[in-house]
Amino acid sequence: MVSGTRARLTVQDYLDIPEEDEKRYELIGGELYMAPAPTWEHQESIGNLVSMLRDFVRANGLGRVVASPIDVFLSDTDVFQPDIVFISNDRLHIIHSDGLHGAPDLVIEMLSPSTEQRDLTLKRERYEMFGVGEYWLADTVAKTITVLRARDGTFEQVGVFVEETTVETPLLPGLRAQVSEVFDYYVPSQ
């Protein structure tokens, strides 16, 4: 008898992907997803936000900020590569040489046409399930940052921050990230 179900992949299957395969993958619920290379605007916005966060976190001794690619191992069937993560001093123990083993305090994803649906659904559900404290969804087209904060095990939308506003979070007391600075990037000619 032939089964219509596919075998769920594990962390070991993910780790067995040959190093010469330079594509970016994530393992979500035992299924392997590939992400194409991000756009210029995506990368510029990540760079801007990482600079802001890293400078603030270092100056205040709050933990660590890192940009993708970094593996975040959440379960035996879930390995993500978020665009940006923040790990507080209290959770530095999740940092290992091969990536993070556990949920970061803050995960930020820049929305891309090819990954937006996963970011808004599958990844959101998994980040919520595994205890991410905050999940930011940055949109380079709308130039907004949507902030979701965990409360009693589920994400609540704190707000959608537009260009002329600042994002603040209790995870990083005193941070005032200007949304317009996040999306201040060079526009390539078409």
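**Figure 1. Surroundings of Phe183 in the predicted model.** Phe183 touches Ser45, Met110, Ala138, Asp139, Thr140, Lys143, Thr144 and Ile145, leaving aside residues up to four places away in sequence. All views in this set show a predicted model. Phe183 also belongs to the largest nonpolar core, which has 26 residues. Leu49, Leu53, Ile84, Trp136, Ile145 and Val167 are listed with Phe183 as the residues with the most contacts inside this core. Two or more core residues come from each of helix 2, strand 6, strand 9, strand 10, strand 11 and helix 5 (179-182). Helix 2 gives the largest share, seven residues. A second core of 18 residues is separate and includes Leu74, Val85, Ile87 and Leu137.

Figure 2. The strands follow the order 3-6-9-10-11-12, and their pairing is mixed. Strand 3 (63-67) and strand 12 (154-161) are the edge strands, each pairing on one side only. On average, neighbouring strands of the sheet are turned by 15° against each other, direction ignored. Helix 2 (residues 40-60) packs on the sheet and touches strand 3, strand 6 (84-88), strand 9 and strand 10. The direction of helix 2 makes about 170° with that of strand 3. Strands of a sheet pair through backbone hydrogen bonds, either parallel or antiparallel.

**Figure 3. Strand 10 between its two partners.** Strand 9 (residues 106-111) and strand 10 (residues 134-139) run parallel and are joined by six bridges. Strand 10 and strand 11 run antiparallel, also with six bridges. Glu134 can be followed across both pairings: Leu106 stands opposite Glu134 in strand 10, and the bridge partner of Glu134 in strand 11 is Arg149. The hairpin of strand 10 and strand 11 has four residues between the strands, and Lys143 in this hairpin takes a positive phi near 55°.

**Figure 4. Strand 11, strand 12 and the turn that links them.** Seven bridges join these two strands, which run antiparallel. Ala150 stands opposite Phe155 in strand 12. The two strands form a hairpin with two residues between them, and Asp152 in the turn has a positive phi of about 55°. Thr146 is placed in strand 11. Thr146 has a relative accessible area of 15%, under the 20% limit, and therefore counts as buried. Apart from residues up to four places away in sequence, Thr146 touches Tyr135, Trp136, Leu137, Gln157, Gly159 and Val160.

**Figure 5. The buried face of helix 2.** The 21 residues of helix 2, at 1.5 Å a residue, should span 30 Å, and the end C-alpha atoms are 30 Å apart, which agrees. His42, Ser45, Ile46, Leu49, Val50, Met52, Leu53, Phe56 and Val57 are the buried residues of helix 2. Seen down the helix axis, these buried residues fall within an arc of 165°, so they line one face of helix 2. An α-helix has 3.6 residues a turn, so residues three or four places apart point the same way. The cover over the buried residues of helix 2 includes strand 3, strand 6, strand 9, strand 10, strand 14 (177-178) and helix 5. On the other side of helix 2, Asp55, Arg58 and Ala59 are exposed.

Figure 6. Arg64 lies in strand 3. The relative accessible area of Arg64 is 51%, which is over the 50% limit, so Arg64 is exposed.

Figure 7. Helix 4 (residues 122-129) lies across strand 9, strand 10, strand 11 (144-151) and strand 12. Helix 4 runs at about 120° to strand 12. Which residues of helix 4 are buried? They are Lys123, Arg126 and Tyr127. These residues cover an arc of only 100° around the axis, which puts them on the same side of helix 4. Gly131 follows helix 4 and has a positive phi, near 90°.

Terms used:
Residues are numbered from 1 along each chain as its sequence is written. This is a predicted model: local features need pLDDT of at least 70, side-chain atom pairs count only at pLDDT 80 or more; totals for chains, interfaces and linings use all residues. Side-chain values use heavy atoms; hydrogens and water are left out. Two strands pair if DSSP finds at least two bridges between them. Axes are lines fitted to C-alpha atoms, for helices over the stretch in contact, and angles run from 0 to 180 degrees between N-to-C directions. Contact means heavy atoms within 4.5 Å. A nonpolar core is a set of buried Ala, Val, Leu, Ile, Met, Phe, Trp, Tyr and Cys residues joined through side-chain atoms within 4.5 Å. Buried means under 20% relative accessible area, exposed over 50%, partly exposed in between (1.4 Å probe, protein chains only). The expected span of a helix is 1.5 Å times one less than its number of residues. The arc is that of the directions from the helix axis to the C-beta atoms.
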